[in-house]
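Subject: Structure handover

Hello,

Here is the structure for your files. My notes on what was found in it follow below.

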Amino acid sequence: MWAGCASIMGWFLFIQTAPGAAGGRPCSPQYFGHGLMACECNATYCDTLDPVVVPALGTYAKYESSKAGKRLERSEGRFQSNSTAPDLLLKLDTAQRYQKVKGFGGSVTDSAGMNILSLSKETQRHLLASYFTEEGIEYNLLRIPMASCDFSTHPYSYDDTPNDYQLLNFGLKDEDTKLKIPILHRAMALSKKPLSLVASPWSSPVWMKTNGEMKGKGSLKGKPGDRYHKTWANYFIRFLDEYAKHNLTFWAVTAQNEPTAGLINNYPFQCLGFTAEHQRDFIAQDLGPALANSSHKGIQLIMLDDNRVLLPHWAKVILGDPNAARYIHGIGVHWYLDFIAPVEDTLLPTHDLFPDYFILATEACTGSHFWERDVILGCWDRGNQYSHSILTNLNNFVTGWIDWNLALDLEGGPNWIQNLVDSPVIVDRKKDLFYKQPMFYHMGHFSKLIPEGSQRVGLVVSKKSCKCSMEYAAFLRPDGAAVVVVLNRYSTDVPFRISDPGVGFIEAVAPADSIQTYLWRRQ
């Protein structure tokens with residue numbers, strides 16, 4: 001009974017405090033214990049956002065989400081012409097220009113497809129609109145596994161016929177034609193922005209592998225330049241060809257999902273092992289030429305696609321070889337071992353050595369470590385973890401950030417080896433509803449307000465007595481507007497000011513456990 005009363009009271013308070021000017025529909029909060037709140041959507045109701053409008057010169061828009069219950073709540077204020085000396089001042093420095101942003105998004109796995117399509121048509125529409133429309137958080141990047149991964153109900157490849165070096169029996173599966181492809185088509189129809197698709201393979205067919213199975217320690221048979229490596233490279237081309245028949249063109253492919261996984265004894269799910277030297281030679285002799293000589297020659301090739309602890313070593317080995325480097329455009333990094341891989345030892349030296357290659361964060365999720373609960377409904381801290389990672393990456397030359405599964409079930413699956421994790425959207429199929437987690441709104445603070453083509457700029461930080469540890473980043477959008485994201489992961493409010501010379505000062509407070517995105521016109 002009390003939980004129901006708390007829900008109703010929370011809903012009433014939310015309606016009372018929601019800004020009257022906003023046309024978006026407010027969150028329908030559901031509570032799962034102390035400090036745990038997610039927004040519930042069903043066939044008849046889902047919270048929405050207004051399309052982003054840059055406010056008039058001299059004013060700014062603030063988008064705020066907080067553990068206290070705000071969810072991308074927009075308000076407006078005016079710049080001040082002068083400011084008292086603050087404890088914390090963030091001063092925009094547009095003369096300092098850094099990397100351009102590619103974007104933000106998630107992954108269309110078999111499991112994500114199954115969960116989304118398990119809902120009624122109207123609930124599905126609300127879920128996809130939440131991710132891809134101007135009423136939602138406007139994702140523009142989507143990663144798609146080539147054939148199966150652990151977030152499938154069973155392992156499979158596109159050609160299980162032994163020794164089919166011509167790939168005569170290559171074919172997409174029901175998981176592509178009935179799950180992933182329909183969702184990609186619907187996402188593209190909903191989005192006003194172009195969506196960039198990234199494909200990643202987990203394992204080759206078993207007949208190409210040294211260990212004869214999808215999982216466990218195993219690599220391609222033979223050596224780069226031979227028929228196994230040529231066939232595996234052509235498998236990429238066939239995948240791209242088949243998706244092109246469904247009017248889906250990929251922006252990028254990664255050379256291999258987590259290539260070091262297949263070097264580990266008894267690895268529990270689909271993998272294909274490469275050392276840095278093996279990947280270098282496979283790209284130089286097989287995959288690079290196959291892509292260059294195909295109808296997909298404009299596609300971007302991303303190396304590594306594994307934990308950043310492997311940098312800068314992998315970059316030195318692969319990009320240090322001009323025969324491989326000429327085919328490569330970027331480096332993909334995963335977040336799972338970030339706690340043992342400081343940016344100053346990984347991202348920064350890699351960017352310093354190879355500044356012409358983009359770095360893209362290609363996979364992250366919470367609940368993946370053995371000591372973590374798989375799904376925690378309404379967990380604010382998991383949203384904080386996303387924003388902390390995104391800001392750390394963006395402030396160190398990374399161009400974008402792709403989440404893992406777009407949607408999972410209440411257990412964090414399905415996953416054929418029970419490697420269950422969390423997701424920004426959790427689906428309750430039996431009740432025909434889904435929950436938008438704090439992670440979802442944290443993602444929106446970036447994906448909705450920092451469009452592709454934005455450029456990170458300088459932010460000069462002046463502290464006096466402030467002991468606060470806030471995190472922030474600044475950008476100029478393609479339309480010339482400025483964006484500053486401010487994350488406060490701590491339990492106290494922090495007053496601060498933003499200065500944009502020539503425009504004025506924003507007098508601000510970052511509430512405890514909050515994230516804010518400020519947006520304003522500069523001329």
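The buried residues of α2 are Asp110, Ser111, Ala112, Gly113, Asn115 and Ile116, where buried means under 20% relative accessible area, exposed over 50% and partly exposed in between (1.4 Å probe, protein chains only). This is a predicted model, in which local features need pLDDT of at least 70 and side-chain atom pairs count only at pLDDT 80 or more, while totals for chains, interfaces and linings use all residues. Residues are numbered from 1 along each chain as its sequence is written, and side-chain values use heavy atoms, with hydrogens and water left out.

Helix α2 covers residues 110–117, and six of its eight residues are buried, so it is largely enclosed by the rest of the structure. Helices (H or I, at least four residues) and strands (E, at least two) are DSSP runs, numbered from the N terminus. The buried residues of α2 pack against β6 (103–107), α3 (121–132), α4 (174–190), β13 (398–405), β14 (408–409) and β15 (425–428); contact means heavy atoms within 4.5 Å.

**Nonpolar cores**

A nonpolar core is a set of buried Ala, Val, Leu, Ile, Met, Phe, Trp, Tyr and Cys residues joined through side-chain atoms within 4.5 Å. The largest one has 134 residues, of which Leu142 and Phe239 touch the most other members. Helix α5 (residues 227–245) gives the most to this core, with nine residues. Leaving aside residues up to four places away in sequence, Phe239 touches Met146, Tyr158, Phe170, Leu172, Ala199 and Phe250. Another core, of 22 residues, lies apart from it and includes Leu459, Val494, Ile498 and Trp520.

**Two buried polar residues**

Ser200 lies in strand β8 (residues 196–201) and counts as buried, at 0% relative accessibility. Its side chain makes a polar contact with the side chain of Thr254 (2.9 Å). Such a contact is a pair of N or O atoms within 3.5 Å; within protein, one must be able to donate a hydrogen and the other to accept it, and residues adjacent in sequence count only if both atoms are side-chain atoms.

His442, in helix α11 (residues 438–447), is buried too, with a relative accessible area of 0%. Not counting residues up to four places away in sequence, His442 touches Trp380, Gly383, Asn384, Ser387, Leu487 and Ile515.

**An exposed residue**

Phe339 is found in the loop between β11 (330–334) and α9 (347–353). Phe339 is exposed, with a relative accessible area of 54%.

Regards
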